Amino acid sequence: GEPALDLPKIFGIHLFLSGLLCFGFGAFHVTGLFGPGIWVSDAYGITGKVQPVAPAWGADGFNPFNPGGIAAHHIAAGIFGIFAGIFHLTVRPPQRLYRALRM
């Protein structure tokens, strides 16, 4: 019939690419592996500099004053997004859902 966009595939591609970008930002830019790191300052925000940050994988990563949580969050969310994108690219919705939503 009519030409249509393959929305589930577009969603899967978008999710995969955003997960890749999120992982790359956390693993390379924030940690300083292939980038400068992030701005880290004292508790009062008076002094600071751009420096690499090691990921904090434990409960200490939830401390808002620990910059290691930023790196850990981006790495973990990126890996999750990559797997979710691959899932949405390989698993298709059932045909009755296509008909119900007119996809």
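Hi everyone, let's start with a hairpin: strands β1 and β2 form it, with 6 residues between them. In that turn, G45 has a positive phi of about 70 degrees. Before I go on, please keep in mind that this is a predicted model.

So how do the two strands pair? β1 covers residues 38-41 and β2 covers residues 48-51, and they run antiparallel, joined over 4 bridges. Take V40 as an example: its bridge partner in β2 is K49. Setting aside neighbours within four places in sequence, V40 also touches other residues, including T47, G48, Q51, V53 and P67.

V40 brings us to the inside of the model. Which residues make up the largest nonpolar core? There are 5 of them: V30, I38, V40, V53 and A71. As general background, nonpolar side chains tend to be buried together in soluble globular proteins.

Now for the outside. I13, L17, L20 and L89 form a nonpolar patch on the surface, and together they have about 320 Å² of accessible area. Helix α1, residues 7-30, gives the largest share of that patch, with 3 residues. I13 sits in this helix.

Follow the chain for 78 residues from I10 and you come to H88, yet the C-alpha atoms of I10 and H88 are separated by 9.3 Å.

Note on methods
Residues are numbered from 1 along each chain as its sequence is written. This is a predicted model: local features need pLDDT of at least 70, side-chain atom pairs count only at pLDDT 80 or more; totals for chains, interfaces and linings use all residues. Side-chain values use heavy atoms; hydrogens and water are left out. A nonpolar core is a set of buried Ala, Val, Leu, Ile, Met, Phe, Trp, Tyr and Cys residues joined through side-chain atoms within 4.5 Å. Buried means under 20% relative accessible area, exposed over 50%, partly exposed in between (1.4 Å probe, protein chains only). Contact means heavy atoms within 4.5 Å. Patches are made of residues with over 30% relative accessible area and no salt bridge: like charges are joined within 9 Å, nonpolar side chains (Val, Leu, Ile, Met, Phe, Trp, Tyr) within 5 Å. Accessible areas come from the Shrake-Rupley method with a 1.4 Å probe; for residues, only the protein chains shown count as cover. A salt bridge is a side-chain nitrogen of Lys or Arg within 4 Å of a carboxyl oxygen of Asp or Glu. Two strands pair if DSSP finds at least two bridges between them.
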